[in-house]
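The sequence and structure come first.

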Amino acid sequence: MENMAIQANRLGKRYKVLTGQFRHNTLRDQLAESVKSMCRWNGRRREEEKLVWALKDVSFEVRQGETLGFIGRNGAGKSTLLKLLSRITEPTTGNAKIYGRIASLLEVGVGFHPELTGRENIFLNGIILGMSKREIKRKFDEIVEFAETGIYIDTPVKRYSSGMHVRLAFAVAAHLEPEILVVDEVLAVGDVAFQKKCLGKMGEVAKEGRTVLFVSHNMIAVNSLCSRTIWLNAGGIVQDGPTAEVVTNYLSASTKDTDLFEEIWDDVATAPGNEMVRLHRIRVRPQDDHPSAALTMQMPFQVEVEYWNLEPGAHLRVTLHLYTAERIIAFTTGSANSRPMQAGLIRSVCYFPGNLLNSGHHRIVLLAVKDASSVILRHESRVSLDILDLREREGGWFGREPGVVQPVLKWTTEFLDLN
């Protein structure tokens, strides 16, 4: 079909899992199995065969030149799907039509012959992709330079470290100009500098009009590299659409189970506090009733504190201390109340602008202060803030930037004539 790179039609992969099997690696294992056999009815092994669908009824199409991301939890079926598309394994149901040469980087060492040298494996992979010897030679120096294999290029790859395997495998896959490049999370094996270089190269490949399929848990990279993303869960497609929308929905669903956005105490007698003040609620939520539960770096949000003032006429204020995951205090901020308060339930809200905090996990420590000087309550809240970085970036770095905060500041640049 014109302009089509991949057509997947109701793909499914089922595996047989045997339970109740016993290993016999050592004499102790064999003796233990002999004892267990005597205790079984008629000495028969109790083995159960269980059928597990790693992938079921998955259909989608990919156009030439499209960069498609795949996200989901471990075990969602992402790697299985890429193996089916790469012809590493056969589907149980359905089929996939591939239009063009496909190069895959799914597992360390896959596609390499361990007895051949790095040089020989480069030529072998090129020939498999249908390239001529002249074409491979033209790309050879570029591949070696990118892979940083240097003097080891004529060493059998069975002696390579996992990092060297990945560097060479990615260099081969990216530089031998396949129409379709498939990359799994195997890049995580490399060091940070090499990951940066690989992600930059993938961006170049995509700009050249080749098709890229990319599986990653790095949402920054997925959001920056992929125009479209498929979210997989339990072997099926949850959502297929624009990357920013899919990633936001995926992270919102993920954080609902792991993050705590609210603490509440309904009984004033047992709530944290003392005879002067007691807490009722601490809540974090996006401003303007944003539908997403996930907090991004760009999204303004608010921290709401409700408390009972038990001392009529008291001068109270609320102070928030925000800590990073490393227990570094990011900053403090406090309400500016100077009037005496009547007894009863009071609500104070702190508004956080977008483009302020860096990405990462944060915790809140709340202080109630009387007369601007006396701390009468200190509470380490269970409410957590996971600030997500979903910015689209240019270049090759998609990791976390250093620093406690990441404000967006105004810059100007001008030419100064020194003559």
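## Backbone, cores and cavity

Asp371 sits in the loop between β17 and β18 (374-388); helices (H or I, at least four residues) and strands (E, at least two) are DSSP runs, numbered from the N terminus. The model is predicted: local features need pLDDT of at least 70, side-chain atom pairs count only at pLDDT 80 or more, and totals for chains, interfaces and linings use all residues. Residues are numbered from 1 along each chain as its sequence is written, and side-chain values use heavy atoms, with hydrogens and water left out.

Asp371 is not a glycine, yet has a positive phi of about 55°. Asn355, another non-glycine residue with a positive phi, belongs to the loop between β16 (344-352) and β17 (360-370). Below, partly exposed means a relative accessible area between the limits for buried (under 20%) and exposed (over 50%), with a 1.4 Å probe and protein chains only.

| Residue | Phi | Relative accessible area |
|---|---|---|
| Asn355 | near 55° | 32%, partly exposed |
| Asp371 | about 55° | 46%, partly exposed |

Helix α2 (residues 78-85) is mostly covered, with 6 of its 8 residues buried. Among them are Lys78 and Thr80, along with Leu81 and Leu82.

The chain as a whole has 8 helices and 18 strands. Of its 419 residues, 47% count as buried.

A nonpolar core here is a set of buried Ala, Val, Leu, Ile, Met, Phe, Trp, Tyr and Cys residues joined through side-chain atoms within 4.5 Å. The largest has 47 residues, and those with the most contacts inside it include Ile71, Ile122, Phe170 and Leu251. Elements giving two or more residues to this core include α4 (133-147), α5 (162-175) and β7 (211-215). Helix α5 gives the most, with 9 residues. A second, separate core of 34 residues includes Trp265, Met297, Leu366 and Leu385.

A search of the whole structure finds 1 cavity of 30 Å³ or more. A cavity is a set of points on a 1 Å grid over the protein atoms alone where a 1.4 Å probe fits but cannot get out, and lining residues have an atom within 4 Å of a point. The largest cavity has a volume of about 40 Å³, a volume being the space filled by probe spheres set on the points. Its lining includes Met297, Asn355 and Ile387.

Technical notes: 1 Å grid on protein atoms, 1.4 Å probe; cavity = no way out; pocket = protein on both sides within 12 Å on 5 of 7 lines; lining within 4 Å.
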